[in-house]
Amino acid sequence: MTTNIDRRRLIIGASLGLGALLLPLGRAFAAQIQAAKGFTNNVASGEPGPHSMLLWTRYVPASDTDEIALQAEIASDREFRNVVTAGTVRTGSYRDWTAKLTLAGLQPGTTYWYRFIAADGSRSDTGRTRTLPVGDVANFRLGLFSCANLPMGWFNAYAHAAQREDMDLWLHVGDYLYEYGIAAYKAQDRIAEREVMPAHEHEMISLLDYRMRLACYRADADLQALHQNAPMVALWDDHESANDSWQGGAQNHQAASEGDWSTRKAAAMQAYREWMPVSDEPWKAYPIGNLGTLYRTESRLLGRTRPADIGSAYKTGTDAALEAFRDGPWQDPSATMLGLEQETWLHDALKANAARTHWQLVGMGTILGRTVMPAETLGMLRSDASESRVQAFKNNVRGARLGLPMWMDRWDGYPAARARLLQAAQSADANLVMLSGDSHNAWAYSLQHDGRPAGVEFAVQAVTSGGIEGSLGAAPDAVARAFMDSNPELSWCDTSQRGYAMIDITPARISGEWVFMQSIKTRSIATAGSHSMSVEKDRKAFS
């Protein structure tokens, strides 16, 4: 038996937060959410291995109890005539009734079906999953996703991908959800049926806030179908906590009104690990036979140092200030995206695995490719662009003339750390493939370090979040040409469409296809075409 939370009520209630429960309206919505019983949010799988799989579900008992036990089964057939392994897991209100366990004893490269069974005999929906292969692997396919802002559109990319039968794995590189309150959205950007916050304006702050927002997202039918169809490797970026977060704070966290950052960060991390099919390991490598190694990284909350502040240099209005910033704080060798422990782990893993697997695929929250703002964009700005937006573009164009990037919050803002990573890949002679997101637009980079090829990057467009096209009135082709002309590493880009990417891996070649959806404002799986690019083994650059 599966009991689904009423979608409209859940979406409204998901953002009410602890303080709102003191209001009659908040209590009513909270009561509706809490009244949902049974398997409320479908099933999911993740952390795949050759012989094991992590399974996830959520079950709220009808009886008044603090803890329950669920049985999980994995079978070789959809009808569960041949159950190959099973286990029991406990959950309770202390973890929001979410349940996770890892079952072993599976065969590599094999499709399985799984389900959960409650003490009353009720059963969850059936999920499909697939273990990682071993030995000689001829082909492996994964879907790449980033930046799904629920109020801004339907998750049509998830719906389209969930119908595929040719995928081994999903990789979500962050911004799986957004922390914003309703005040952050313009009315014309929202879809009425997908509001997450009709009652108050503040962001997610408390553990209850984060749990409710995750419950809201995980109630989406298209996201449920995605999880139900294949295992997912997932990593967080900033919006799972707060915009432009780092280990000691965030651009959009104000201690005076939002409390201690470490408390908010801990709440975000706890809720994410409760509601997602992920382990508590901060980073991890997944072997795909001799074909490649996939790396899950953490580049936000655990090791990232505070980004260098270019704002004061812009405020002076002089090139001398920008040059001082460029040659000083921006180059700081102590700045790190990953933290020194994870850097060492990743660099050592690249060296060890490049000797025995064809490809090294690094899942990353933010883009590694060098990107400066083209001067032409100043003439492309929309006529209704705000004064602050116009000034931001002017600043970025000024910085570009001096070699400064437009994205200080991404790897461009940490050039010493970026150089260390690319140098490590070159020293290992690794066929490096970065799989990234965050920008909301689609990009393909042929990465370079010290004048030599260092690998490629497939940067996926958003599922729903708006990109740079929101500020520009020019045709997308003209915008793309301007960016490619100004950025030697950039091989291709699209700055106008939403969707996801498919990554097809063979020993000789990796091909990526960016799939574009016709719309996110109406619910439809109709596509608006795609774009493909490939890299051949040992070329370390796009063909």
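**Note on the predicted model**

1. Gln342 touches Trp283, Thr297 and Glu298, leaving aside residues up to four places away in sequence; contact means heavy atoms within 4.5 Å. Gln342 is found in helix H11 (residues 340-354), where helices (H or I, at least four residues) and strands (E, at least two) are DSSP runs numbered from the N terminus. Gln342 counts as buried because its relative accessibility is 1%; buried means under 20% relative accessible area, exposed over 50%, and partly exposed in between (1.4 Å probe, protein chains only).

2. On the basis of the values: this is a predicted model, in which local features need pLDDT of at least 70 and side-chain atom pairs count only at pLDDT 80 or more, while totals for chains, interfaces and linings use all residues. Residues are numbered from 1 along each chain as its sequence is written, and side-chain values use heavy atoms, with hydrogens and water left out.

3. The count comes to one cavity of 30 Å³ or more. A cavity is a set of points, on a 1 Å grid over the protein atoms alone, where a 1.4 Å probe fits but cannot get out; lining residues have an atom within 4 Å of a point. The largest cavity holds about 110 Å³ of space, a volume being the space filled by probe spheres set on the points, with grid points joined across faces, edges and corners.

4. The lining of the largest cavity includes Thr297 and Glu298, along with Ala234, Leu235, Trp236, Tyr272 and Arg273, among others. The lining residues divide into six nonpolar, two polar and four charged. In this scheme Ala, Val, Leu, Ile, Met, Phe, Trp, Tyr, Cys and Pro count as nonpolar, Asp, Glu, Lys and Arg as charged, and the others, Gly among them, as polar.

5. An open sheet of seven strands has mixed pairing and the order S13-S14-S15-S16-S18-S17-S19; two strands pair if DSSP finds at least two bridges between them. Strand S13 (284-288) and strand S19 (490-494) are the edge strands, each pairing on one side only. Neighbouring strands of this sheet are turned by 20° against each other on average, direction ignored. Strand S14 (residues 292-296) pairs with strand S15 (residues 359-364) in the parallel sense over five bridges, and Thr293 stands opposite Gln360 in S15.

6. Helix H13 (residues 415-427) lies across strand S16 (432-436), strand S17 (442-449) and strand S18 (452-459), and runs at about 75° to S17. Helix H14 (residues 476-486) lies across S17 and S19, running at about 160° to S19. Axes are lines fitted to C-alpha atoms, for helices over the stretch in contact, and angles run from 0 to 180 degrees between N-to-C directions.

7. Strand S8 (residues 140-145) is largely enclosed by the rest of the structure, because six of its six residues are buried. Phe140, Leu142 and Leu144 point one way from S8, and Arg141, Gly143 and Phe145 the other way. S8 pairs with strand S20 (residues 499-505) in the antiparallel sense over five bridges, and with strand S9 (residues 169-172) in the parallel sense over four bridges. Leu144 stands opposite Ala501 in S20 and opposite Leu171 in S9.

8. Two residues other than glycine have positive phi. Asn42, in strand S1 (residues 38-46), has a phi of about 65° and is buried at a relative accessible area of 5%. Trp97, in the loop between strand S4 (83-92) and strand S5 (98-103), has a phi near 65° and is buried at 11%.

Technical notes:
1 Å grid on protein atoms, 1.4 Å probe; cavity = no way out; pocket = protein on both sides within 12 Å on 5 of 7 lines; lining within 4 Å.
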